[in-house]
Amino acid sequence: MSKGVVAVDNGGYNTTVVTKDYCVTFPSVKGEYRKRNLISKHGEFDFEVELEGKMYMAGTLAKHECQFPLEIHTDTKQHIFYDLSVLIACHQYGYDRNYVILPVPIFMHNEQEKRGIIDRLVRSWGVTINGEYKQFEICDVKVAPESVSAFWIDRPNGKSRWLDLGSRHVGFGTVINESNGSSKTIRYVDMESGTFKKGMNTFDSDDMESFADFLGGRLKGKPHWNTEDRVFVHGGGSY
């Protein structure tokens, strides 16, 4: 019986899945299932999903074939839209026993939201995708804050700022990594972190210079953010 960690960034626009064997990104779009007269061979991210007696289209298939393709952006991830992204990830790229890590924007990172997501996902599942039925278990779910979690990649010393450019949100975070002799303290600074509910796909313009000026102006209005700070930029909009 296989088991492993599945990290799933189940965003409203794209879903990224990372395991020890995979690093893939597919469209998060979902929609209603319908029978089709013209059926092509499934593309890599064309998903026909059957879950608990209900059918869905997801990924690139939903983009092209749904009458009502949905990219959802809500103030909670306790929704079937986000559940499906995780289940697709575990079915396609996961294990018999899955230990899942999920991110939420900083403004959502509270005990009620985390417990609600965990309660929805931790159980045994039976899911059919593109005709292939799999049973698997989600054994545990850890819900991490967006933006500041990127600190753990390189763990820079001192105070570091983190800017996460998402499709519907921009997260900004602050981490302090202090050494005092043989001891080390790593601290998330809540007062200097948060979420702007505006992202890369919320504007009609593709003028990135103006978008950068917009963010800079917003951040200057936040406590203690200064022009000389070290800022690490990541997220889908940073490419």
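## Second largest pocket

The lining of the second largest pocket has 11 nonpolar, four polar and two charged residues. Here Ala, Val, Leu, Ile, Met, Phe, Trp, Tyr, Cys and Pro count as nonpolar, Asp, Glu, Lys and Arg as charged, and the others, Gly among them, as polar. A pocket is an open set of points on a 1 Å grid over the protein atoms alone, with protein on both sides within 12 Å along at least five of seven lines; lining residues have an atom within 4 Å of a point.

This is a predicted model: local features need pLDDT of at least 70, side-chain atom pairs count only at pLDDT 80 or more, and totals for chains, interfaces and linings use all residues. Residues are numbered from 1 along each chain as its sequence is written, and side-chain values use heavy atoms, with hydrogens and water left out.

The second largest pocket has 17 lining residues, and Leu163, Ala212, Leu215, Gly216 and Leu219 lie nearest its centre. Helix 5 gives the most to this lining, with seven residues. Helices (H or I, at least four residues) and strands (E, at least two) are DSSP runs, numbered from the N terminus.

## Largest pocket

The largest pocket is lined by 48 residues. Nearest its centre lie Asp9, Pro103, Glu146, Asp164 and Gly235. By class, 22 lining residues are nonpolar, 20 polar and six charged.

## Cavity

The structure holds one cavity of 30 Å³ or more. A cavity is a set of grid points where a 1.4 Å probe fits but cannot get out. Among the residues lining the largest cavity are Asn10, Lys77, Asp83 and Arg120. Helix 3 supplies the largest share of that lining, three residues.

Technical notes: Points joined across faces, edges and corners; volume = space filled by probe spheres on them.
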